[in-house]
Amino acid sequence: MFLIKTTLPISFREFEVTSFAQSIVESGAACVQHREVSSTYSWDGKLNHEKEWLLEIKVSEKNKESVQEVIINLHPYDVPEILILKVEANQEYLDWVNSH
């Protein structure tokens, strides 16, 4: 099982984040959770502090590539954050994720 993390701009309204998440689920993810976070980062030589939406995506190994492709194709950032972490879970949850 994999956990993919990405962020979206805070300018996205909740329904836009939900629509983005729905596209990810339709591409094979089992679940997408989202919440507001504060990010501090360097971009073009400047230090930035901004609020963003953080999305945590649970996906099986077989659907990982298709989910990543959807994120890349729909993402508004020039350089989207796409972190892919292999994670362990209880067997029942793992079975559920792998059923998608």
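Visitor: Which element does Gln22 lie in?
Guide: Gln22 lies in helix H1. Helices (H or I, at least four residues) and strands (E, at least two) are DSSP runs, numbered from the N terminus. This is a predicted model; local features need pLDDT of at least 70, side-chain atom pairs count only at pLDDT 80 or more, and totals for chains, interfaces and linings use all residues. Residues are numbered from 1 along each chain as its sequence is written, and side-chain values use heavy atoms, with hydrogens and water left out.

Visitor: What is the relative accessibility of Gln22?
Guide: It is 47%, so Gln22 counts as partly exposed. The cut-offs: buried is under 20% relative accessible area, exposed is over 50%, partly exposed is in between (1.4 Å probe, protein chains only).

Visitor: And how far apart in space are Gln22 and Val32?
Guide: 8.1 Å, C-alpha to C-alpha. In sequence Gln22 and Val32 are 10 residues apart.

Visitor: Phe15 next. Buried or exposed?
Guide: Exposed, because its relative accessibility is 54%. Phe15 also has its place in helix H1. Its C-alpha is 27 Å from that of Met1, 14 residues away along the chain.

Visitor: Where does Ser27 lie?
Guide: In the loop between H1 and S2. Ser27 is buried, with a relative accessible area of 17%.

Visitor: What is Ser27 in contact with?
Guide: Leaving aside neighbours within four places in sequence, Ser27 is in contact with Ser66, Val67 and Val70. Contact means heavy atoms within 4.5 Å.

Visitor: Zooming out. How many helices and strands?
Guide: Three helices and four strands. The pattern along the sequence is β-α-β-β-α-β-α.

Visitor: What about the core?
Guide: The largest nonpolar core has 17 residues. Such a core is a set of buried Ala, Val, Leu, Ile, Met, Phe, Trp, Tyr and Cys residues joined through side-chain atoms within 4.5 Å. Leu8, Ile24, Leu55, Ile57, Val67 and Ile71 have the most contacts inside it.

Visitor: Which elements give two or more residues to this core?
Guide: Strand S1 (2-9), helix H1 (14-26), strand S3 (46-59) and helix H2 (64-74).

Visitor: Pick Leu8. What does it touch?
Guide: Beyond its neighbours within four places in sequence, Leu8 is in contact with residues including Val17, Phe20, Trp53 and Leu55. His75, Pro76 and Tyr77 are also among them.

Visitor: How much of the chain counts as buried?
Guide: 39% of its 100 residues. Among contacts with a separation of 6 or more, 72% come from residues 24 or more positions apart.

Visitor: Last one. Where is Asp95?
Guide: In helix H3 (residues 91-98). Asp95 is partly exposed, with a relative accessible area of 43%. Asp95 and Ser60 are 35 residues apart in sequence, yet 9.4 Å apart in space, C-alpha to C-alpha.
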